[in-house]
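This report describes charged side chains and backbone angles in one structure. The sequence and the model come next.

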Amino acid sequence: MRNRLVPVARKLRRDPTGAEKRLWYHLRNRRLSGFKFRQQEPLAGHIVDFLCEEAKLIIEADGGQHRPEADAPRTQQLEAAGYIVLRFWNNNILGNTLGVLAEIRRTLGDARP
C-alpha cells in the first residue's frame, strides 16, 4: 500500500498549498521545539500532511474540500493506530500562524515522554 502512495506523496510535496508552505517553513529542520517532521508522508493507507513520528503527531492542513464528517473515519483510524491528529483550516494557518504553532507546541509538550 505504501509503495502505491509514494508517487502521490512526492507530487503533493512538489505542489503544496500556501498554508502547507507556511506551516512547513516552521516545522522543517527541527525548527519547532526540536522535533523532526516529515511532509506528505504515507501512513496507514493515507497520506498525512505533516508527521512527527517521535511524538506520534499528525498535523493536517484542511482546505475548503475537507468536511469534518468525511474526514472523521480517517482521523479515527489514525488515532486508533496511536497517533494524535491536529487539524487546522488553511485560513487559520495563514491568518493565525502564531496561534497554530502555539497549539502544536502545547501538543508536543504533552507528547514528551
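R13 is partly exposed, with 32% relative accessible area. In this predicted model, R13 sits in helix 1, which covers residues 2-14. Together with R10, K11 and R14, R13 forms a surface patch of positive charge.

**Salt bridges**

Side chains of opposite charge can pair when their charged atoms come close. The model has six salt bridges. The table gives three of these pairs, with the distance between the nitrogen and oxygen atoms.

| Pair | N to O distance |
|---|---|
| E53 and R38 | 4.0 Å |
| E60 and R74 | 2.9 Å |
| R106 and E103 | 2.8 Å |

E53 pairs with R38 in a salt bridge. Because E53 is in the loop between strand 2 and strand 3 while R38 is in strand 1, this pair ties together parts that are 15 residues apart in sequence. Both partners are partly exposed: E53 has a relative accessible area of 33%, and R38 has one of 31%. The two also belong to a network of salt bridges that links R38, E41, E53 and K56.

E60 pairs with R74 in a salt bridge. E60 is part of strand 3 and R74 is part of helix 3 (residues 68-80), so the contact ties together parts that are 14 residues apart in sequence. Are E60 and R74 buried or exposed? Both residues are buried, which means that each has under 20% relative accessible area.

E103 is partly exposed, at 28% relative accessibility.

**Positive phi angles**

Most residues other than glycine have a negative phi. Q40 is not a glycine, yet its phi is positive, at about 50°. Q40 belongs to strand 1 (residues 38-43). At 2% relative accessibility, Q40 is buried.

K56 is another residue other than glycine with a positive phi, near 55°. Where is K56 found? K56 is in the loop between strand 2 (46-52) and strand 3 (57-62). K56 is partly exposed, with a relative accessible area of 29%. K56 is also one of the residues in the salt-bridge network with R38, E41 and E53.

How values were computed
Residues are numbered from 1 along each chain as its sequence is written. This is a predicted model: local features need pLDDT of at least 70, side-chain atom pairs count only at pLDDT 80 or more; totals for chains, interfaces and linings use all residues. Side-chain values use heavy atoms; hydrogens and water are left out. Patches are made of residues with over 30% relative accessible area and no salt bridge: like charges are joined within 9 Å, nonpolar side chains (Val, Leu, Ile, Met, Phe, Trp, Tyr) within 5 Å. Accessible areas come from the Shrake-Rupley method with a 1.4 Å probe; for residues, only the protein chains shown count as cover. A salt bridge is a side-chain nitrogen of Lys or Arg within 4 Å of a carboxyl oxygen of Asp or Glu. Lys and Arg count as positive and Asp and Glu as negative; His and the chain ends are not counted. The place of a charge is taken as NZ of Lys, CZ of Arg, CG of Asp or CD of Glu. Helices (H or I, at least four residues) and strands (E, at least two) are DSSP runs, numbered from the N terminus. Buried means under 20% relative accessible area, exposed over 50%, partly exposed in between (1.4 Å probe, protein chains only).
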